[in-house]
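Me: I am new to this structure. Please take a close look at its pockets and tell me what lines them.

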Amino acid sequence: MSDAIANPKLEEQALSLVEAAKAAGADAADAIAVTGMSLSASVREGKVEGTDRAEGNEVTLRVFLGKQVASISSNASDDPAELAARAVEMAKVTPEDPYAGLAEPERLLNEIPQLDLIDPRDVSADELTRTALEAEAAAMAVDGVSKSGGAGASWGLSGIVLATSHGFVGAYQRSRSGFSMTAIAGEGTGMERDYEFDSRTYWDDLMSAEEVGRLAGERTVRRLNPRQLETRKAPVVYEPRTARSLLGHFAGAINGASIARGTSFLKDKMGKQVFGNGITISDDPFKARGGGTAPFDAEGTGAEYLNMIEDGILGHWFLDGYSARELGLSSNGRARRSGSTTSPGATNLTLHAGEKTPEEILKDIGEGLLVTDLIGHGANGVTGDYSRGASGYWVENGEIAYPVSEITIAGNLKDMFLNLTPASDLDERYAVATPTVVIEGLTIAGS
């Protein structure tokens with residue numbers, strides 16, 4: 001099936017767009033072409049709600065006239081000369097941007113590494129439907145589950161081609177599979193719901209459908225009859241699912257674009273203590289079968305493994321060519337394409353595991369909050385102020401005592417990072433990977 005998206009015409013389209021842009025008067029240009037196909041199936045209460053198949057191709061051309069830049073997107077069948085002419089005319093009326101430009105030629109990747117990103121196995125719509133039904137049946141078999149919120153399974157393949165007027169041409173393909181289940185327990189105003197999901201590059205790396213369904217059912221039943229808490233300060237433990245959001249806030253704070261604008265609460269922290277001693281946070285663009293793995297970034301630049309945090313010290317920003325030029329630095333190959341523009345971002349970001357198990361962490365805190373669900377965004381990237389709606393479990397005597405809901409967690413991310421301790425249960429399934437973490441001294445606002 002991967003041959004179906006390894007479309008040589010897509011590479012030809014990208015190259016012809018770049019050539020057409022030069023012919024139309026552009027000083028420089030790049031073109032990115034994306035193709036993909038996906039299958040999905042959804043079920044509810046033992047019945048198939050739908051199966052979908054989607055295919056599509058898209059190309060985006062950027063052109064540069066000196067420091068003037070414009071871009072245009074279209075499907076891959078449009079005439080390259082017409083698209084290029086329109087893009088060049090758009091650039092002529094665009095204000096100059098002193099930091100605009102392609103990646104410097106010496107930073108372009110000369111040899112494209114072959115990474116383990118394509119699952120050779122084909123997954124059919126029937127198999128997706130069967131998997132979703134199995135996950136739902138496993139959840140409904142959990143004592144206390146009253147209804148199904150639905151189950152789904154999906155599989156997809158995508159291909160990417162990048163060509164630049166500096167002479168770079170690169171392409172890669174990747175696959176992604178996953179499934180999820182949402183369960184409901186209780187009735188009326190006492191109804192609770194929760195879910196479980198898994199997503200991997202290779203289908204055979206996924207948890208079993210039965211395990212996903214069972215976990216969804218068990219998580220839901222444990223949430224029944226939640227209590228509210230009185231406002232207090234206490235340690236807060238985040239399971240990996242919710243701890244990933246903390247790492248997301250950190251990634252946003254060390255984004256080169258935010259640093260250049262001065263809108264990050266970590267803008268003055270390069271080379272300084274941001275996390276506690278012994279904490280390592282790495283970014284690995286070549287992680288085996290990783291969700292953020294890619295042989296080159298959105299500018300054709302090669303990346304390298306970086307410790308963004310080493311022994312608690314901040315060592316790098318995420319930089320693409322634009323943000324690097326704005327800061328007077330060099331790109332570290334973290335350009336990501338968002339529509340017609342590039343911006344810096346993480347690849348496979350990992351908070352490395354600590355030594356203690358989650359159970360030992362709970363024993364150590366004695367009393368506190370275990371967060372299993374977060375609501376809203378609630379983090380100010382400029383000040384670091386943090387406030388999130390949450391639900392989870394109250395811990396007493398080092399053990400889970402009862403479920404809680406309708407609470408708010410508040411603090412400041414600068415203090416939270418310094419007081420964060422990771423457990424040993426690193427969950428590496430996703431591009432943002434964390435173990436359970438505990439943070440001391442947060443404010444918990446209840447009823």
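Reply:

**The pockets and their linings**

The largest pocket in this predicted model holds about 890 Å³ of space. Its lining is made up of 48 residues, and those nearest the centre of the pocket are Arg 334, Ala 335, Arg 336, Arg 337 and Ala 346. Several elements supply at least two lining residues each: the strands β1 (28–44), β2 (47–65), β4 (145–164), β5 (169–185) and β11 (335–338), together with the helix α5 (240–253). Of the lining of the largest pocket, α5 gives the largest share, five residues. Sorted by class, the lining of this pocket has 22 nonpolar residues, 20 polar ones and six charged ones.

The second largest pocket has a volume of about 570 Å³. Here 25 residues form the lining, with Arg 219, Arg 222, Glu 239, Pro 240 and Thr 436 nearest the centre. Two or more residues of this lining come from each of β6 (192–200), α4 (209–222), α5, α8 (358–365) and β14 (368–375). The class count for the second largest pocket is 11 nonpolar, two polar and 12 charged residues.

Arg 219 sits in helix α4. It counts as buried because its relative accessible area is 10%, and the limit for buried is under 20%. Leaving aside residues up to four places away in sequence, Arg 219 touches Asp 194, Tyr 195, Glu 196, Glu 239, Arg 241, Thr 372 and Tyr 393.

The UniProt record, an unreviewed entry, places the feature "domain: Metalloprotease TldD/E central" at residues 119–224. That span is 28% helix and 43% strand, and its end C-alpha atoms lie 40 Å apart.

Asn 57 counts as partly exposed because its relative accessibility is 34%, which falls between the limits of 20% and 50%. Its side chain makes a polar contact of 2.3 Å with the side chain of Thr 35. Asn 57 and Asn 75 are 18 residues apart in sequence, while their C-alpha atoms are 5.8 Å apart in space.

Key
Residues are numbered from 1 along each chain as its sequence is written. This is a predicted model: local features need pLDDT of at least 70, side-chain atom pairs count only at pLDDT 80 or more; totals for chains, interfaces and linings use all residues. Side-chain values use heavy atoms; hydrogens and water are left out. On a 1 Å grid over the protein atoms alone, a cavity is a set of points where a 1.4 Å probe fits but cannot get out, and a pocket is an open set with protein on both sides within 12 Å along at least five of seven lines; lining residues have an atom within 4 Å of a point. Grid points are joined across faces, edges and corners, and a volume is the space filled by probe spheres set on the points. Helices (H or I, at least four residues) and strands (E, at least two) are DSSP runs, numbered from the N terminus. Ala, Val, Leu, Ile, Met, Phe, Trp, Tyr, Cys and Pro count as nonpolar, Asp, Glu, Lys and Arg as charged, and the others, Gly among them, as polar. Buried means under 20% relative accessible area, exposed over 50%, partly exposed in between (1.4 Å probe, protein chains only). A polar contact is a pair of N or O atoms within 3.5 Å; within protein, one must be able to donate a hydrogen and the other to accept it, and residues adjacent in sequence count only if both atoms are side-chain atoms. UniProt positions are given in the numbering used here, feature names are shortened, and annotations may be inferred rather than shown by experiment. Contact means heavy atoms within 4.5 Å.
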